[in-house]
Amino acid sequence: MSHQEQPKLLISALGLDVGSKRIGVAGCDGTGLIATGITTIERRSFKQDVEQFQQIVCDRQVQVLVIGLPYSMDGSLGFQARYVQKFATRLAQALNLPVEYVDERLTSFQAEQLLIAENRSPSRNKGLIDRKAAALILQQWLDTKRSLSGRSVAAVQD
């Protein structure tokens, strides 16, 4: 077999870690293998949030939003998760993009641990934590997508 690449369906996705003050944003490289933090959006008004996202979506030709949903430890959707879902639905409608959710119970904690391992102070690097958490959310989604693409039938969750 020659070394020619099989044409793959590449998807440009944005990973979001939605908080009440900031939204961590991550994107993936052209291969759809690696997620990296892009920016942290300081939340002002919904209109201004949307404007900032429109620019990113346009620049990166984003096709789907991947949003971390903070499930409770028992697996239920609490107040915070419902707040994120409501925001995500509005944002997806405003940007005319589909939205997919990822269980992000431990991503902020993991992001803080990564910072501590780099000898950086979590309290002084909140925006960086949000970006790293968004990258972890998107990475989880990319990995799941990749493992499913090997199968003929993908399970779809409501």
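Colleague: Gln61 is found in the loop between α1 and β4. How are helices and strands called here?

Modeller: Helices are DSSP runs of H or I with at least four residues, strands are runs of E with at least two, and both are numbered from the N terminus. This is a predicted model, where local features need pLDDT of at least 70 and side-chain atom pairs count only at pLDDT 80 or more, while totals for chains, interfaces and linings use all residues. Residues are numbered from 1 along each chain as its sequence is written, and side-chain values use heavy atoms, with hydrogens and water left out. On that basis the protein chain has four helices and five strands, running β-β-β-α-β-α-β-α-α from the N terminus.

Colleague: Back to Gln61, then. Is Gln61 buried or exposed, and why?

Modeller: Buried means under 20% relative accessible area, exposed means over 50%, and partly exposed is in between (1.4 Å probe, protein chains only). Gln61 has 64%, so it is exposed.

Colleague: Let's go inside. What makes Asp130 count as buried or exposed?

Modeller: Its relative accessibility is 10%, so Asp130 counts as buried. Asp130 belongs to helix α4. Skipping neighbours within four places in sequence, Asp130 is in contact (heavy atoms within 4.5 Å) with Asp17, Arg22, Gly24 and Thr40.

Colleague: Which residues does Gly15 touch?

Modeller: Not counting residues up to four places away in sequence, Gly15 touches Gly24, Val25, Ala26, Val66, Ala134 and Leu138. Gly15 is part of strand β1 and has 0% relative accessibility, so it counts as buried. Its C-alpha atom is 8.9 Å from that of Ala133, which is 118 residues away along the chain.

Colleague: Why is a set of residues called a nonpolar core?

Modeller: The name goes to a set of buried Ala, Val, Leu, Ile, Met, Phe, Trp, Tyr and Cys residues joined through side-chain atoms within 4.5 Å. The largest one here has 22 residues, and Phe53 and Leu65 touch the most other members. Helix α2 gives the most to this core, with seven residues. Apart from it lies another core, of 13 residues, among them Ala13, Ala26, Ala35 and Ala134.

Colleague: Val99 touches Leu65, Ile67, Ala88 and Ala92, not counting residues up to four places away in sequence. Why is Val99 called partly exposed?

Modeller: Its relative accessible area is 27%, which puts Val99 in the partly exposed class. Val99 is in strand β5 (residues 99–103), with its C-alpha atom 4.7 Å from that of Leu65.

Colleague: One aromatic pair turns up in the whole structure. Why are Phe46 and Phe87 called a pair, and of which kind?

Modeller: Rings of Phe, Tyr and Trp (its six-membered ring) pair if their centres lie within 6.5 Å; planes under 30 degrees apart are stacked, over 60 edge-to-face, and the rest tilted. Phe46 and Phe87 are 5.8 Å apart centre to centre with 85° between the planes, an edge-to-face pair. The pair links distant parts of the chain, with Phe46 in α1 (residues 46–60) and Phe87 in α2 (residues 79–95), 41 residues apart. Phe46 is partly exposed at 23% relative accessibility, whereas Phe87 is buried at 5%.

Colleague: How do you know that the charged end of Arg90 sits over the ring of Phe46?

Modeller: The rule wants NZ of Lys or CZ of Arg within 6 Å of the ring centre and within 35 degrees of the ring normal. The charged end of Arg90 qualifies at 3.8 Å from the centre of the Phe46 ring. The charged end of Arg43 likewise sits over the ring of Phe87, 4.2 Å from its centre.
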